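Trainee: Could you walk me through how to read the features of a model like this one?
Mentor: Gladly. Let's open it and go feature by feature.

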Amino acid sequence: MKIEVKLDESCTETKIIIIAAKMTDEISSLMQRLSEDAPQVIVGFDGDEVILLDPADIVRIYSAIGKVFAVVGNKEYVLRLRLYETEERLSGKGFVRISNSEIINVRKAKKFDLSTAGTICVSLSNGNISFVSRRFVTKIKKTLGI
């Protein structure tokens, strides 16, 4: 895919033109992401404080004891979103579901250990270790290109 940007000081409104031989899933996904007005932050709660979390800083998001938590560094924040809602908000931002109860930021993964048969061990940048459930092994391998 080629990307071309033309700067024109007389332009009053940004216009994006996509030229392609046919409509593909990649183009549809790109159009959807460009037209979204979704917030670029996730709201986390730390007691009575509301914390605005930058998706790039989030290491993992998981559900436990009926709540959804976002991990930033070694700090955990409670989210008032369901896990699937968080996954939808973060789609296309480097996040991938690795089990029914966890989503990780692939950019915050240090290594993927494939030595255990049927599963993948993920070492994250904050020292946490997570496991890709068997159901999601194919998806994560596709995401990583292996």
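Trainee: How many bridges join strand 3 to strand 7?
Mentor: First the general idea: strands of a sheet pair through backbone hydrogen bonds, either parallel or antiparallel. In this predicted model, strand 3 (residues 58-64) and strand 7 (residues 102-105) run antiparallel and are joined by 3 bridges.

Trainee: What is the strand order of the open sheet?
Mentor: The open sheet has 7 strands in the order 2-1-5-4-3-7-6, and the pairing is antiparallel. Its edges are strand 2 (49-53) and strand 6 (95-99), each of which pairs on one side only. On average, neighbouring strands of this sheet are turned by 35° against each other, direction ignored.

Trainee: Which residue of strand 5 is the bridge partner of Gly-44?
Mentor: That partner is Leu-79. The contact belongs to the antiparallel pairing of strand 1 and strand 5, which extends over 2 bridges. On to strand 4 (residues 67-72): 5 bridges join strand 4 to strand 5, and these two strands also run antiparallel. Here Val-72 has Lys-75 in strand 5 as its bridge partner.

Trainee: And the turn there: which residue takes a positive phi in the hairpin of strand 4 and strand 5?
Mentor: Gly-73 does, with a phi near 65°, in a hairpin that has 2 residues between the strands. Compare that with the hairpin of strand 8 and strand 9, where 6 residues lie between the strands and Gly-118 takes a positive phi near 90°. Strand 8 (residues 109-113) and strand 9 (residues 120-124) pair in the antiparallel sense over 4 bridges. Within that pairing, Ala-109 stands opposite Leu-124 in strand 9.

Trainee: Let's turn to side chains. How many salt bridges does a search of the whole structure find?
Mentor: The general idea is that side chains of opposite charge can pair when their charged atoms come close. In this structure the search finds 5 salt bridges. One of them links Lys-75 and Asp-46, with 3.1 Å from N to O. This pair connects distant parts of the chain, as Lys-75 sits in strand 5 (residues 75-79) and Asp-46 in strand 1 (residues 42-46), 29 residues apart.

Trainee: How far apart are the closest N and O atoms of Lys-6 and Glu-4?
Mentor: They are 3.7 Å apart in this salt bridge. Both partners count as exposed: Lys-6 has a relative accessible area of 71%, and Glu-4 has 64% relative accessibility.

Trainee: Which salt bridge involves Glu-87 and what does the pair tie together?
Mentor: The side chain of Glu-87 meets that of Lys-139 at 3.9 Å, N to O. Glu-87 lies in helix 2 (residues 83-89) and Lys-139 in helix 3 (residues 137-144), so the pair ties together parts that are 52 residues apart in sequence. Glu-87 is partly exposed, with 24% relative accessible area, and Lys-139 is partly exposed, with 36%. Salt bridges with shared partners join Glu-87, Arg-97 and Lys-139 into one network.

Trainee: How many aromatic pairs does the structure hold?
Mentor: A pair of aromatic rings is described by the distance of the centres and the angle of the planes. This structure holds 1 such pair. Tyr-62 and Phe-69 form it, with 5.4 Å centre to centre and 25° between the planes. The pair counts as stacked, because planes under 30 degrees apart are classed that way. Both Tyr-62 and Phe-69 are buried.

Methods:
Residues are numbered from 1 along each chain as its sequence is written. This is a predicted model: local features need pLDDT of at least 70, side-chain atom pairs count only at pLDDT 80 or more; totals for chains, interfaces and linings use all residues. Side-chain values use heavy atoms; hydrogens and water are left out. Two strands pair if DSSP finds at least two bridges between them. Axes are lines fitted to C-alpha atoms, for helices over the stretch in contact, and angles run from 0 to 180 degrees between N-to-C directions. Rings of Phe, Tyr and Trp (its six-membered ring) pair if their centres lie within 6.5 Å; planes under 30 degrees apart count as stacked, over 60 as edge-to-face and the rest as tilted. Buried means under 20% relative accessible area, exposed over 50%, partly exposed in between (1.4 Å probe, protein chains only). A salt bridge is a side-chain nitrogen of Lys or Arg within 4 Å of a carboxyl oxygen of Asp or Glu.
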